[in-house]
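Subject: Structure for your review

Hello,

Here is the structure I promised to hand over. Please open it alongside this note; my findings follow below.

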Amino acid sequence: MSLVEARDLFCVYPGADGGVAALQGLTLDIDEREVCVVLGPSGSGKTTLMRVIAGFERAGAGTIAVAGIDLGSLSQRGLARYRAETLGYADQHYWRSLAGELTAEQLIGVPLGLKGITDRDRLARSHSLLERVGLRDRATARPSELSGGEQQRIALCAALASRPKLLIADEPTGELDEASATLVYGLLAELAREEGVTTLIVSHDPRSAAIADRVVHIRDGRVSEERRSDGTAVVIGSGGWLRLPEEALLDAGIVDRATVTSREGVVELRPLGITRPSVLMLPDIEGAAGAIVEVRNVTRSYGGDVALESVSATFKPGQMTVVTGPSGSGKSTLLALVAGLDVPDEGEIVVNGISLSDLARDARACFRRDTIAFIGQSPGLTGFLTARENVELGLTIRGVEGIEAHERAIDALVAVGLGEHSDRPVDDLSAGQRERVAVARALAARTAVILADEPTSRVDVAQALTLGGLFSDIAHEHGTTFVCATHDPVLIEFADEDIQLRARSPVPLG
Amino acid sequence: MADVAGERSETRAALYVVALGWRRVRRRSSGALLAAVGIAIGTAVLVGVLAGTTIAQDRSVSQAVERIPAASRSVRAVWFGSPIGADQAYARLDETARLRLAGLGLPGPTPIALFRESTVAGRFVSLAGVEGLAPYVTLTSGRLPRRCTAERCEVVRLRGVGVLPDAPGLRLVEVGTARLRSSRLFGDFLAPTDNALADREIAPALQQGSEYHRPAPAPLVVAEGIDALTRAPALANTYRSYAWIWPLSDGSPRLWEIDDLVGRSEQARAALSSRSIGYSVQAPIEELRATERSATVAGRRLLLVGGEAAALLFAFAVLAARGMRRDLEAARRRLTWYGARRWHLRLLTVTESVFVAGVGAFVGWLLGLAVAAVVAERAGAPIRAILRESVLSSTGLALAAAVIVLATTVIAVSTSVSARPGKRIGPVDAAAAVALAIVLAALAGGAADTSRLADDQASGLVLLLLPGLIAFAAAVAAARLFGPLVRVAGRLSRRSVGTRLAAVTLGRGPGAAGVTVAFLTLAFALALLAEGYRSTLVQAEQDQASFAVPLDVVVREDLRSLVPVLDAASLERYSAVAEGSKAVPILRVRTGAGNAEGIGGVTMLGLPADEIPRVRGWRDDFSDNSRSELAMLVRPSSPIAVQGIQLGSRLTFLAGPGVVSLRATIATPDGRYSSIDLGPLTADASTRVDRLLPKRLRGGTLVALELVPPRLADRGADAGVSLAGRLRLTGLEASSWVGEGGVVPRPVPGGIALAFRISQQSDARLRAPQATDSTAPMVLVTPRLGILAGGEGGKLALAVGGRQVPVRVAAIVDRFPGTEGEAVVGDIDALRSAVNTQVPGAGRTNEVWLDIPDSEVGSAVATLARSPYRRVEAVSRLALLDEVRDDPLGHGTLLALDSAAIVALLLAALGLALTVRADLRDDQGDLYDLEAQGASPSLLRRIVRLRALVVGIAGVLAGALAGLLLALLVTRVVAVTARAATTPLPLQTSFDLRVVGVAAIAYLLVAAALVALATRRAFRSDRGPLRAQESGA
């Protein structure tokens, strides 16, 4: 029997160009006591799905029922009551769910305190859960006195304290090392089954699949495939929407067109010509020769947490290299180190023979102005300025002004397909167009190295394909060293090299 | 595992949330502490102002009580009469009086008995008895009397000479002489000295009259004790008055005791009157009520200042609460994940707000209490009573409760509402619109009428809230405008990378900066208002002193002694009161303007035209013309001298025949006028007039001859008919003279022939033509008189002594120093001539203005207190200013305004620094992106500082505009002086530019230092921005 029944969910966030669809007809059932893992790249709609099921967001269309409760018909008060009575929630940033002023036993007791449970019963439940996760002796410790793994376990206990019917865990191991992650996954599965709670885990991390009864992949706001112990299935949405695994399409040589033939029991797709995705045409813009970027045995810790440990890698000119790995594996940290926005605790970053560790912060900024362009997870654009003005502003920081800045900005915007939109305020552009403005800003800098951190997290597949092609072309045609940290398989497909961060050490896949 | 299902309780859940909130406040206190500090200071200011107001009012009342004449400065029950029967025995009267006035709460009473001047045992004597005489007299010889008994009644003599009576049961024995220390004891019954009139230097004529009419006074003696006197058989039938006196002294009554005192006095008066018609109760009720009213107005205005300062501090608390908001939002989000319902979240917000506001308000209340106690102690006010009547009164406690509620609401709202206003109209905009609507409605509906500050509670409240409402609306408008303006600046700026990036990054999310701009607008507006209002009040006091005393000292006739100023000393002697002094003669005449509606009287002021530019107290808003232009307009075209026939020691001429008498009017060389009767003419022949002139008239000028008709009785039935006739004057050079009142002159050989038709109702005369006959004096007039005259160039007839004095309007001035109400101002010679032409002698110098070098004013004032000047009244401008400066209400008001301005500026600087800190924390993402694009740490630091500069400048500009508007408005609607007095001189908004300049520089230095301190460590880490994020996270 299904505990969660989601039918044709649509969820659109308002935007200047009419809105961004985070969910597009998503349909999903989760059975009682089932442990369901939802996987998907950034921007695929995982978080929105989770928020809709948790009652933090309302679906624009479709229905969602949990434990027989139609969430769409509930008032805000009803949703709050629903969350109190039915839901347990564990956030990706576990430390955000732990109030620093409370001890471990008090933290676990918060959901119970909100229900008016007596101190005695509250403590008993807290101690029982602490016992279960092996932290009974840390009952009076505050979060600051606990390790990351311990904190996550406390957060899980707190989510389960009030015996919810449904537990939602958002990237539960995103900020843990591998050992801790494995332990937490194990505990999560055990606790969920012992408590008889239906569990929905949202993750990037394929390891989470190990504890799942069912793994659901979503992309573009729809379920694309399901994997159960008895095999893999694609999901057909209402109206016949079908999402096929990327690798299957690539294996079949299908890019954006296919012919369909059907007969009883069989639907057959055949590629309609073998083509590369259509990428933007690079005009004759001047580029800088690439630079060899060497990451030599780099370690970086924040507080007690190791973000990168003994990582070595080389990023070559004329190549598009992607850095992949689960959340918290240190991708962003690595890019920041390469950009000189941070320096390693150990090891060094060498760009074109210059060790960034030897440079002061001011000098690194100066070096960055000349050598490195950085596309952050957030585009960092100014909404009230036009696309051109944004690019010009970036150039102004690099000391390029006047006519030259204007020409470079126009060229770069044309290169990313925004020539017609150069005088529109960025606020009026779509998320994908904004991402392209950020790329144009980097491109206009004409640096040897371009670093991009999750550049497709806010764009759909078509736009991801476009950007992937563009990045690849920039690297190949200008000899630029292009490094991209991403989860997105679409982008990964365009990479010349994939450096996968896992278990705190790089595993070049070649 | 425990079964938790059946043991739930909503109450327990609520208590749990409350406990959670308390735990959070205790442990996460950075933002909360700042907000609490803001609230604490705000509350302390409110409490301090409340207590300070009471202290200032109390001191003001004390001073006002001291200013009440000694004779009236007491509550006294009095019984008059000659006692008949046991009911009117002194003991019964005493018991009744004491009983009825027992609740006054004043020390006393001192009973006295005063027996009217009468003959006792053959001796004419005035006799008094006092219970406890010693404090009221100063011995001049002998000793104080012992208690009066029937056998020996010792007395001291207060005045007079003569033997004292020695009657059975009343043997008066004089043991000394004394004088009364003040009139407090006997009031108007007895002067404090034995003969007040004899003590005064009065006009010789009055002196003579006084001596002629006053018999030798009876000796006045006073005994210690009353009983023996009231029982003395010799006084049994003597009319007497008993009085029971409760002196108002030693700080009584206090402000809060006035109502009670007045009420009890009234009750006692009614009760005693019903008991005996001989009783009355006298108390300075009008004086006390006036004092109370003045104190109330000033007190409310002080609250206005304090209220504004407190509002500012609350605004600061809102700014500081931004630090709480992030943390509280995180907590609310966390609790939502744990299943918190909406009421849980609201309860948590309210709980934390209550804790912060409650703790802040309580600490502030205690702080204010301590400050109030210290101030009261230093002011010499009773600490307990002051606190009981202010901070600990029901109003004070209600205020504290209101502060907690308000502060809780402020914190709760500011930690719940987004600090980044969107494009839509939000509740804050709506509140600002409502505030503006209230202001406009109040101004249009007259609720902001000054007079209502004291009388009408509701309108008074609106008036008090006006500045706050305007400042709030201005602050919201400034915050709203800030975003678009910085965006425009961001697009247009090409000056430097730092400037452009500062404007651009501000424009990205101007909401948080807008909140700071709003706060700064509020702070600067209130600082400027406070300074402007302070400066305006100070200037107003100076203006008023200068307006009342246009030079340094005004010398005028003392109405108690009636000695004309030039009789006391000559103009030259006045000039000699101090080196470098100059005495300016002034003519001041009370005139009428032809019974024009609403014009009760007109002050005619004459002064040398050349002195007009030197008159102080002039303001440019009085007239469109400069003082020099005005002087030129009224200056006579040629010198004016008295015209007439120069006389020697005799007046000789031939007149008649006729049935009238003649009276000559002669102007003396010293400018006086005098008339002498020349007697009746004979009807059938010419009469030779030949009079030896009195000494004072010799060398004078004959200016007129008056024709006086015979008395009515002599004319019998013709009394109601005008008298017509002719006569001839020979031997007088009067051919050019003019006739008035029915007299028509005609020159004839050797003299002048007069045809006359005269009556009792008009003065008939022949007079010498004067310079002002052909050219009426040019004068400056107030606007209403200008309208009466038909504008500039028009003619106005002023009534002086029943005759019309014509003047011509040279210019219209709103007011002129030295005058009140409607006034006519002109050259003294011209006006004197015009007045004396019509009413000889009425136009004489009766005031002298002294212009004294600043360094000599003190010694000059001292000189004027000595003979011969002490017979006239001298009022100095500095003395008026000193009186103002010593006034506690005025002092308190100015002090409160100063404090408000300083607090506002300090908070503005602190607010800016807090904003910089918040920028560094909240805009890490933006700054990280800039650094990722290649911006160096030094550029980032410059950007943050430039942002602070932009925000600061926006706040200063908006605040200056709003402050200017506020100062103008407040000056207009609260048109009372620092001492809460109304003034004939409207307040004129002024700013002390030196103070504003110094304050601006001080603010810039403090703000720059705080901003530099806040950004000193920013971007210094050599590792990079992630280092900051790491520590920040």
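Let me start with A:Arg296. A:Arg296 counts as partly exposed, at 35% relative accessibility. Here buried means under 20% relative accessible area, exposed means over 50%, and partly exposed lies in between (1.4 Å probe, protein chains only). The side chain of A:Arg296 meets that of A:Glu294 in a salt bridge, at 3.1 Å from N to O. A:Glu294 is partly exposed too, at 24%.

First, the ground rules. This is a predicted model, in which local features need pLDDT of at least 70 and side-chain atom pairs count only at pLDDT 80 or more, while totals for chains, interfaces and linings use all residues. Residues are numbered from 1 along each chain as its sequence is written, chains are lettered from A and ligands numbered from 1 in the order in which they are written, and side-chain values use heavy atoms, with hydrogens and water left out.

**Salt bridges**

A salt bridge is a side-chain nitrogen of Lys or Arg within 4 Å of a carboxyl oxygen of Asp or Glu. Side chains of opposite charge can pair when their charged atoms come close. Over all chains, a search of the whole structure finds 59 salt bridges.

B:Glu389 and B:Arg388 meet through their side chains at 3.6 Å, N to O, in a salt bridge. B:Glu389 is partly exposed at 29% relative accessibility. B:Arg388 is partly exposed as well, at 46%. B:Arg994 forms a salt bridge with B:Asp992, with 3.9 Å between the closest N and O atoms. B:Arg994 is exposed, with a relative accessible area of 67%.

There is also a network. Salt bridges link B:Glu740, B:Arg765, B:Arg767, B:Asp773 and B:Arg803.

**Surface patches**

Patches are made of residues with over 30% relative accessible area and no salt bridge; like charges are joined within 9 Å, and nonpolar side chains (Val, Leu, Ile, Met, Phe, Trp, Tyr) within 5 Å. Areas come from the Shrake-Rupley method with a 1.4 Å probe, and for residues only the protein chains shown count as cover. Lys and Arg count as positive, Asp and Glu as negative; His and the chain ends are not counted. A charge is placed at NZ of Lys, CZ of Arg, CG of Asp or CD of Glu.

The positive patch on the surface gathers A:Arg77, A:Arg81, B:Arg342 and B:Arg346. Helix H2 (76-86) of chain A and helix H9 (342-379) of chain B are the elements that give two or more residues to the positive patch. Helices (H or I, at least four residues) and strands (E, at least two) are DSSP runs, numbered from the N terminus. B:Arg342 lies in H9 of chain B and is partly exposed at 41%.

H9 of chain B also turns up in a nonpolar patch, giving 4 residues, the largest share. That surface patch is formed by B:Trp22, B:Val359, B:Phe362, B:Val363 and B:Leu366, with about 450 Å² of accessible area together. B:Phe362 is found in H9 of chain B and is partly exposed, with a relative accessible area of 49%.

**Backbone**

Most residues other than glycine have a negative phi, and most peptide bonds are trans.

- A:Arg33 is not a glycine, yet has a positive phi of about 65 degrees. A:Arg33 sits in the loop between strands S2 (20-31) and S3 (35-39) of chain A, and is exposed at 56%.
- A:Glu454 is not a glycine either, and has a positive phi of about 45 degrees. A:Glu454 lies in the loop between strand S20 (449-453) and helix H13 (461-478) of chain A. A:Glu454 is buried, at 5%.
- The peptide bond from B:Ser867 to B:Pro868 is cis, with omega near 5 degrees. B:Pro868 is in the loop between helix H24 (857-864) and strand S30 (872-876) of chain B.

**A buried serine**

B:Ser674 is found in strand S17 (residues 673-680) of chain B and is buried, with a relative accessible area of 11%. The side chain of B:Ser674 makes a polar contact with the side chain of B:Arg696, at 3.0 Å. A polar contact is a pair of N or O atoms within 3.5 Å; within protein, one must be able to donate a hydrogen and the other to accept it, and residues adjacent in sequence count only if both atoms are side-chain atoms.

Best regards
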